[in-house]
Amino acid sequence: MPLTKAELSRLRALRDKKHREAAGLFVIEGGKVVGELLAAKFPFREIYATPEWVECGSAKITPITAAEMARASHFPTPTTVLAVGKITRPPLAAGALDR
C-alpha cells in the first residue's frame with residue numbers, strides 16, 4: 001500500500017524541530033541504527049522500509065517503494081529504512097542538577 005499524501009506530509013514535517021516538538025516524535029534513518037534499536041527492543045511507533053531492507057523481529061514494518069522513501073527521507077541520498085519514535089523526557093529527581 002503506497003504512502004498517502006497525509007503520511008508523507010507528516011513524515012516530511014518531522015524534519016523541522018517545531019513539528020517534532022509539537023508531535024512528540026523523532027525520525028531515525030539507516031539500516032544499522034534502526035536494526036540495533038530493534039535488537040534492543042526500542043518501541044518504535046512506525047517503521048517504513050524498502051524491499052532491500054528486511055529486518056526480522058518486527059511486525060510493524062510498512063513496506064514502501066524506493067521512490068516513496070526518497071520523498072520521505074530527510075537525507076539527500078535516501079536510506080532503505082526510516083523509523084519514527086516517541087520523544088520521552090523522564091522527569092529529573094529533586095536535586096539532580098546540584099552535583
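Author: Happy to! The accessible surface of the protein chain comes to about 6700 Å², with 60% of it belonging to carbon and sulfur atoms; such areas come from the Shrake-Rupley method with a 1.4 Å probe, and for residues only the protein chains shown count as cover. This is a predicted model, in which local features need pLDDT of at least 70 and side-chain atom pairs count only at pLDDT 80 or more, while totals for chains, interfaces and linings use all residues. Residues are numbered from 1 along each chain as its sequence is written, and side-chain values use heavy atoms, with hydrogens and water left out.

Of the 99 residues, 31% are buried (buried means under 20% relative accessible area, exposed over 50%, partly exposed in between, with a 1.4 Å probe and protein chains only). The chain has four helices and four strands, in the order α-α-β-α-β-β-α-β; these are DSSP runs numbered from the N terminus, helices being H or I of at least four residues and strands E of at least two.

Now to the strands. Two of them count as paired if DSSP finds at least two bridges between them. Strand E1 (residues 25–29) is joined to E4 by five bridges, running antiparallel. Strand E2 (residues 46–49) also pairs with E4 (residues 81–86) in the antiparallel sense, over four bridges. On its way into E2 from helix H3 (31–39), the chain passes through a loop that holds Lys41, an exposed residue with a relative accessible area of 70%. Its phi is positive, about 65°, although Lys41 is not a glycine. E2 is also linked to strand E3 (residues 61–63), this time in parallel, by three bridges.

Individual residues show how the partners line up. Val84 of E4 is the bridge partner of Val27 and also of Glu46. Ala83 of E4 pairs with Ile28. Ala49 has Val81 as its partner in E4 and Pro63 in E3.

As for cover, four of the five residues of E1 are buried, as are five of the six in E4. In a regular strand, side chains alternate between the two faces of the sheet. E2 is covered on both: Glu46 and Tyr48 are buried on one side, Ile47 and Ala49 on the other.

What packs there? The largest nonpolar core has 12 residues, including Leu14, Leu25, Val27, Tyr48, Met69, Leu82 and Val84; a core is a set of buried Ala, Val, Leu, Ile, Met, Phe, Trp, Tyr and Cys residues joined through side-chain atoms within 4.5 Å. Helix H1 (5–13), E1, helix H4 (66–72) and E4 each supply at least two of its residues. Apart from it lies another core of nine residues, among them Ile28, Phe44, Ile47 and Ala83. Zooming in on Val27, its contacts (heavy atoms within 4.5 Å) are with Leu14, His74, Leu82, Ala83 and Val84, not counting residues up to four places away in sequence.
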